[in-house]
Amino acid sequence: MELHQQNPSKGYDAEALNISERSKARSLLELLAEANTDIRKGVDPQLVIQERSLQQQLDAVEQRRVEVYKSENDTPEEKVALEQERQYLLRKYEEVQTKT
C-alpha cells in the first residue's frame, strides 16, 4: 500500500488486495489441514498434485510481478509477459478446480 501511495497509477493497490486474498485462502487451507479435514477426499491424486504445482507457479509469478512493479527499470514488455503467464496459469488452475 505504501507503493500505491507513492505511485497511485501503477496498480499497487489491486496487487496488494490480490496478495492479501491469496494469503487468506492459503491460511484457510492450512487451518483445515491442521484440523485434519480432508477437503480433497475422493479426488484424483493427480489432480491434487497438478493443483499444487499450478499454485506454486502462480505464487512465483505473483512474486515476480511484485519485484517488477517495485523496480524502476521495469519495461512494459516484462509486465505484459508476466500478465499473460499469470492469466494462462489462472485458466489452467480454474480448469483443475472444476475437475476436483
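A quick word on terms before we start: buried here means under 20% relative accessible area, exposed means over 50%, and partly exposed is in between, using a 1.4 Å probe and protein chains only. This is a predicted model, in which local features need pLDDT of at least 70, side-chain atom pairs count only at pLDDT 80 or more, and totals for chains, interfaces and linings use all residues. Residues are numbered from 1 along each chain as its sequence is written, and side-chain values use heavy atoms, with hydrogens and water left out.

Let's begin with the overall fold. The protein has 4 helices and 0 strands, giving the pattern α-α-α-α along the sequence; helices (H or I, at least four residues) and strands (E, at least two) are DSSP runs numbered from the N terminus. Of the 100 residues, 24% are buried. Take the contacts (heavy atoms within 4.5 Å) between residues at least 6 apart in sequence, and 68% of them join residues at least 24 apart.

Now look at H3, which runs over residues 45-70. Its 26 residues reach 38 Å from first C-alpha to last, close to the 38 Å expected at 1.5 Å a residue (the expected span is 1.5 Å times one less than the number of residues). At the start of H3, a side-chain oxygen of aspartate 44 comes to within 3.1 Å of the backbone nitrogen of glutamine 46. Further along, the buried residues of H3 include Leu47, Leu54, Leu58 and Val61, but also Glu51, Gln55 and Arg65.

Glutamate 62 is worth a stop. Where does glutamate 62 lie? It lies in helix H3, and glutamate 62 counts as buried because its relative accessibility is 6%. Leaving out residues up to four places away in sequence, glutamate 62 touches Glu15, Asn18, Arg22 and Arg86.

Arg86 takes us to H4, where it is buried along with Leu82, Leu89, Tyr93 and Val96. H4 covers residues 76-99, and its 24 residues should span 34 Å at 1.5 Å a residue; the end C-alpha atoms are 35 Å apart, so the two agree.

Finally, find the second largest pocket, with a volume of about 150 Å³. Of the 10 residues that line this pocket, Leu3, Tyr12, Glu15, Ala16 and Val66 are the closest to its centre. Helix H2 (12-34) and H3 each supply at least two residues of the lining. A pocket, on a 1 Å grid over the protein atoms alone, is an open set of points where a 1.4 Å probe fits, with protein on both sides within 12 Å along at least five of seven lines; lining residues have an atom within 4 Å of a point. Grid points are joined across faces, edges and corners, and the volume is the space filled by probe spheres set on them.

How values were computed:
Polar contact = N/O pair within 3.5 Å; in protein donor to acceptor, adjacent residues only side chain to side chain.
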